[in-house]
Amino acid sequence: MTIRSMSIWILMAASLNAQESAMTGYSRERARSQQQLEEQFRAIPSPEEVKKQHRYFTAEPHPAGSERNHELALYIADTWKQQGMDDVRIHRYDVLTSLPRSITVEMVSPAAYRASLREEPYDVDPDTKNPAIRGGWLSMSASGEVTAPLVYAHSGNPADYDVLRRNGISVKGKIVLVRYSNPYSYRGFKALTAQREGAAGLLIYSGPAEDGYKRGKVFPDGPWGPESHIQRGAITYDFLVPGDPLTPGWASVDGARRIPMADAVSVPKIMAVAMSWGDARHLIEKMDGPLAPQSWQGGLPIPYHLGGNSVRVHLKVDMDTSPKPNYVVEARIRGGQLPDEWILLGNHRDAWEFGAVDPSSGTASMMELTRALGQMKAQGFRPRRTLILASWDGEEVGLTGSTEWGEEFADELKTKLVAYLNVDWSVSGPNFHPSAIGSLAPLLVELSRGITAPSGKSLYQEWRKSAAAARIEAKDSRPVADDNLVETRIGSGSDFTVFLNYLCRPTAELEFDGPYGVYHSAYDDFFWMSHFGDPGYRYHTLMSQLWGTLALRLSEAEILPFDFAAYARDIARFASALEKGKVDFGSLEQRIAEFLAAGSELNAAIARALAEGRLDARVAEHVNRNIMQVESNWANPDGLPGRPWFKHTLYAARYTYGHLELPGLTEAIEKRDFAQAQRQAEILARALQRNAALLHETRAMLP
Ligand SMILES: [Zn+2]
């Protein structure tokens with residue numbers, strides 16, 4: 001079957017969806033009581049309460065491994081106990097940590113300039129004067145010292161070095177200056193690229209065209225980054241394997257085997273430092289050599305040259321890499337009927353400085369969500385399935401806390417985890433921007449129709465409006481439609497990674513976005529949030545309501561509300577985007593069509609059984625076990641070629657953190673390794689076949 005003739009199936013499946021009950025996975029009777037339960041839940045969260053939490057979490061810088069971040073872990077554990085959560089625990093993982101002892105960046109010729117690597121304080125915002133704020137640094141940088149010529153390499157991507165080569169410039173043994181790019185490419189990818197090119201050091205600065213005055217008003221008068229703002233971050237090669245670099249693929253628990261740091265593939269071998277454009281300008285002004293290409297000219301009103309001669313820089317980095325504890329806080333509300341089916345809600349706690357957006361907005365929303373659940377529990381509510389809450393640590397360093405926890409409890413999670421619902425930051429503005437695997441995407445659309453946004457309109461209406469505006473800006477010609485509202489192309493860069501890519505469990509991520517130019521800077525603070533991001537804390541509150549509603553919809557469902565026909569349509573889109581070359585896609589397309597047909601039939605059978613009230617509890621339990629098995633069936637135990645930790649055959653991330661669908665197949669085609677591509681296509685076809693058979697078997701259980 002060709003992709004083209006599959007449109008008939010898409011139409012058929014769409015008409016079947018229209019017949020379904022208003023609440024997918026619920027009989028009419030149960031839908032009514034569920035509606036009441038969700039409304040009762042959504043009435044509790046309040047902007048005043050969530051603001052109080054937010055002020056508490058943003059009072060001090062709290063990076064991973066710091067004493068303050070440990071105090072916040074204890075605070076969360078205590079609060080969850082007071083709120084009435086069950087089984088509150090703190091897990092400790094001693095992991096490789098990388099904190100700066102001292103960092104020097106100075107131009108030694110043709111003029112002397114020592115980079116301040118500091119962010120300027122402002123009187124209107126006393127938090128910016130906090131002496132605990134660190135300077136410019138990048139976690140996992142190598143330590144060392146070098147004095148060498150400086151070369152400008154634009155965004156620091158491989159193609160940029162080709163341009164330098166064409167201009168006769170090698171970066172071997174030199175220091176490379178690059179800027180954070182828009183669209184985003186992960187700074188660890190810039191580091192790996194510079195390391196492969198043989199550079200001795202890497203300086204990354206924030207240009208005003210990307211997140212500064214070229215975009216709009218800057219802090220403290222607006223949401224964009226001012227002259228001295230610095231984007232800190234890690235350069236860990238966690239696209240190869242995330243988590244503690246010394247325990248790749250197993251948990252950093254007490255007594256676990258650790259590999260030597262020199263053998264750890266995710267530890268960079270290059271020195272790297274983050275800086276502001278205020279510092280970088282002094283270097284750029286003095287650089288000579290050929291004028292950089294037009295597309296490399298930045299937002300500063302000075303010509304950018306490629307350099308390589310006149311400017312020499314002394315770079316000295318001294319990092320403390322002693323192991324430090326990461327603390328994961330966990331709590332549960334044990335399920336009354338299906339305690340071994342888990343809905344996991346998680347957010348990371350560690351921040352580069354105050355982290356008002358990233359991640360404390362999410363932490364505040366989570367604490368308000370647990371307060372609401374606790375209040376309902378005190379009134380006698382107990383979910384059918386178990387809800388688990390998690391406050392991760394070390395996300396910013398290498399997705400460390402969630403990865404270690406996921407690896408420690410891998411066996412249980414593989415069979416019990418219904419879905420992982422991630423919120424990294426909850427709010428940097430009003431635009432809803434969720435992502436999810438294809439089978440969970442329709443549920444997010446369905447939920448959004450019943451939830452009221454701060455404007456008084458439904459979240460669904462607001463979402464369509466902001467999505468349409470974003471597409472015009474991104475020159476994306478797709479009209480906004482229900483089946484493309486949710487982003488189903490998932491990269492990496494947050495805590496869902498271990499659950500999706502390693503454990504092959506369903507994931508979704510929720511987020512509200514807006515103009516945000518102070519990412520990973522000290523200006524990402526309470527002042528920024530309460531003036532620009534969410535002054536009334538209404539979107540923080542909306543996130544508590546939405547996140548909790550999604551969890552309750554999953555925890556109470558009679559039949560888990562996954563849509564495998566939607567999943568199949570997504571996989572068909574992924575496959576049709578591939579450049580086929582010499583690979584025979586015939587059987588793969590056939591398998592996708594079979595999976596789509598099986599998914600559509602199952603949707604219809606479930607909807608009928610629920611509508612007619614003919615669903616026996618024992619049958620429902622079996623159906624749900626099979627539904628949970630579907631995601632596991634995407635696993636390839638060998639993992640991706642060269643990246644064995646990444647097991648999922650539909651999703652992975654590129655080294656840039658960019659999304660990567662059908663990763664084994666896509667990477668093989670991009671390398672023009674057609675034998676490997678054929679093998680990967682067959683692995684995918686087999687997974688699709690397993691799942692089509694599983695859905696048929698499930699359909700046969702229903703009346
Ligand atoms: Zn974050």
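## Helix 20 against helix 22

In this predicted model, Val619, His622, Val623, Asn626, Gln629 and Val630 of helix 20 are in contact with Asn691, Leu694, Leu695, Glu697, Thr698 and Met701 of helix 22. Contact means heavy atoms within 4.5 Å. Helices (H or I, at least four residues) and strands (E, at least two) are DSSP runs, numbered from the N terminus. By class, six nonpolar, five polar and one charged residues form the contact of helix 20 with helix 22. Here Ala, Val, Leu, Ile, Met, Phe, Trp, Tyr, Cys and Pro count as nonpolar, Asp, Glu, Lys and Arg as charged, and the others, Gly among them, as polar.

Helix 20 spans residues 617-632, and its axis lies 10 Å from that of helix 22 at an angle of about 170 degrees. Axes are lines fitted to C-alpha atoms, for helices over the stretch in contact, and angles run from 0 to 180 degrees between N-to-C directions. Helix 20 and helix 22 are therefore roughly antiparallel. Angles over 145 degrees count as roughly antiparallel, under 35 as roughly parallel, 65 to 115 as roughly perpendicular and the rest as oblique.

The model is predicted, so local features need pLDDT of at least 70 and side-chain atom pairs count only at pLDDT 80 or more, while totals for chains, interfaces and linings use all residues. Residues are numbered from 1 along each chain as its sequence is written, and side-chain values use heavy atoms, with hydrogens and water left out.

## Helix 19 against helix 22

Helix 22 (residues 674-701) also packs with helix 19 (residues 586-611), at an angle of about 20 degrees and with the axes 8 Å apart. The two are therefore roughly parallel. Their crossing is left-handed, meaning that the near helix is turned anticlockwise from the far one by less than a right angle; clockwise would be right-handed.

On the helix 19 side the contact includes Leu588, Ile592, Phe595 and Leu602, and on the helix 22 side it includes Leu684, Leu688, Leu695 and Arg699. The residues of this contact divide into 12 nonpolar, six polar and five charged.

## Helix 3 against helix 9

The axes of helix 3 (residues 47-57) and helix 9 (residues 356-378) come within 8 Å and cross at roughly 135 degrees. The pair is therefore oblique, and the crossing is right-handed. Helix 3 contributes Glu49, Val50, Gln53, His54 and Phe57, while the residues from helix 9 include Ala356, Ser360, Met367 and Arg371. By class, the contact has five nonpolar, six polar and three charged residues.

His348 lies in strand 12 (residues 338-348) and Asp358 in helix 9, so the pair ties together parts that are 10 residues apart in sequence.

## Backbone features

Another cis peptide bond, between Ser109 and Pro110, has omega about 5 degrees. Pro110 sits in the loop between strand 2 (99-109) and strand 3 (113-114).

Lys475 is not a glycine but has a positive phi of about 55 degrees. Lys475 belongs to the loop between helix 14 (459-473) and helix 15 (497-502).
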